[in-house]
Amino acid sequence: MKKNLLSLILIICLAAFCLGGCASKEPVNRKLTVSYRTWSEMGGSNYDPIVYSPVEKGTEIYNGYFSSVTVKSVTDGKIVLTVDGCLVEPNEDGTINMNKDPLKKVTLVVGESIELVSQTMDGGVNVFLAFE
């Protein structure tokens, strides 16, 4: 009976550790490249890429145009970002769907990249993210 109870406690502890600790709390030795381009009716400007390496949970990687992007979790194989504000993926032709629900979460696996755009009309931002 004691062996069964100890085994059950061990299984519960391992499951709790995995569920709460599978995403690394330590920096991950990958690169997250962030660049953005602001635009308005007066033109646009490109900004030099910012490379985060190592990548850490909790790092705010973008803040502007009423939006922010923060690293929620990161492992050696994928990164999960939380998005707060008015960022969406652009349509295939580059236009912006003003009726689309703003993104709340973005998940990228190693080698993937994504472009996010602000749902704004007179001026805005394109944010480019690449997880390597």
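I started at K105 and found it in strand β8, residues 105–109. Helices (H or I, at least four residues) and strands (E, at least two) are DSSP runs, numbered from the N terminus.

A note on the source: this is a predicted model, where local features need pLDDT of at least 70, side-chain atom pairs count only at pLDDT 80 or more, and totals for chains, interfaces and linings use all residues. Residues are numbered from 1 along each chain as its sequence is written, and side-chain values use heavy atoms, with hydrogens and water left out.

Next I looked up the cover on K105: its relative accessible area is 52%, so K105 is exposed (buried is under 20%, exposed over 50%, partly exposed in between; 1.4 Å probe, protein chains only).

Then I checked the pairing of strands, which takes at least two DSSP bridges between them. β8 pairs with β6 in the antiparallel sense over 5 bridges, and K105 is the bridge partner of T82. On to β5 (residues 67–74) and β6 (residues 78–84): they run antiparallel and are joined by 6 bridges. I see V74 opposite I79 in β6, and a hairpin of 3 residues joins β5 to β6.

Last, I went for salt bridges (a side-chain nitrogen of Lys or Arg within 4 Å of a carboxyl oxygen of Asp or Glu). I get 1 salt bridge: R30 with D76, closest N and O atoms 3.2 Å apart. R30 lies in the loop between α1 and β1 and D76 in the loop between β5 and β6, so the pair ties together parts 46 residues apart in sequence. R30 is partly exposed at 24%, and D76 is partly exposed at 48%.
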